[in-house]
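Let's walk through this structure together, stopping at a few side chains along the way.

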Amino acid sequence: MCYNNNLFSNLLFFRFYRYMYIASSPFGENHTILKADMNGANVQKLLELGESSPVGLVLDKIQYRLYWAEEKTKMIRYVQLNDVSNILTLVTLNFSVNHLEMTSIKDHLYVVESGDWWTSQLGNVYRINTGTGQVTKIVQDLSDPRGICSYSSVAPIPPSKQPTTLCQITNATCYSSS
């Protein structure tokens, strides 16, 4: 059994993820991103985005970021979860983001462009480097893709909380590797 307090440190790391984040795009100009407790209580306005409707919200648990795309500008924007006062732009896309879906693994976003059924435009999947903003098409010509999800078997551990013993953190469980 491992007693080096890594489990407790990992629980503190997830303090940003005890909330749900909701893109609110009512008709008009008051588009927002809301934050609420996981039971739906304590709904509060996290960000005001004005005229640009947010789509495709995704959490980056490694870099403590919340990403979204904006329909009007075609930009992928983000905030650091510990400082939501500074909205940053990662990249401006050259395709419509109206039905865009995103997921995050390590230092990349994976983005689904759904295509356009009316014009027979096929959809694609892109990988976006969250450090450089470089966009790479990795799957193309999909017939009307509608979603994407990702899975990583490694629990995210911030650099300052890396284990210093032989213990490994797996799904918030600490065990000895011996």
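**A buried serine and some aromatic rings**

Ser-104 is buried, as its relative accessible area is 15% (buried means under 20%, exposed over 50%, partly exposed in between, with a 1.4 Å probe and protein chains only). This serine belongs to strand β8 (strands are DSSP runs of E, at least two residues, numbered from the N terminus). Leaving aside residues up to four places away in sequence, Ser-104 touches Val-58, Leu-59, Asp-60, Leu-109 and Ser-150, where contact means heavy atoms within 4.5 Å.

Please keep in mind that this is a predicted model, in which local features need pLDDT of at least 70 and side-chain atom pairs count only at pLDDT 80 or more, while totals for chains, interfaces and linings use all residues. Residues are numbered from 1 along each chain as its sequence is written, and side-chain values use heavy atoms, without hydrogens and water.

Now to the rings. Searching the whole structure gives two aromatic pairs (rings of Phe, Tyr and Trp, the last by its six-membered ring, pair if their centres lie within 6.5 Å; planes under 30 degrees apart are stacked, over 60 edge-to-face and the rest tilted). Tyr-67 and Tyr-78 form a tilted pair, because their ring centres are 5.2 Å apart and their planes at 45°. Tyr-67 is in strand β5 and Tyr-78 in strand β6, so the pair ties together parts 11 residues apart in sequence. Both Tyr-67 and Tyr-78 are buried.

Phe-95 and Tyr-126 are stacked, because their ring centres lie 4.6 Å apart with planes at 15°. Phe-95 counts as buried at 6% relative accessibility, and Tyr-126 is buried at 8%.

Conventions: Helix = DSSP H or I, 4+ residues; strand = E, 2+ residues; numbered from the N terminus.
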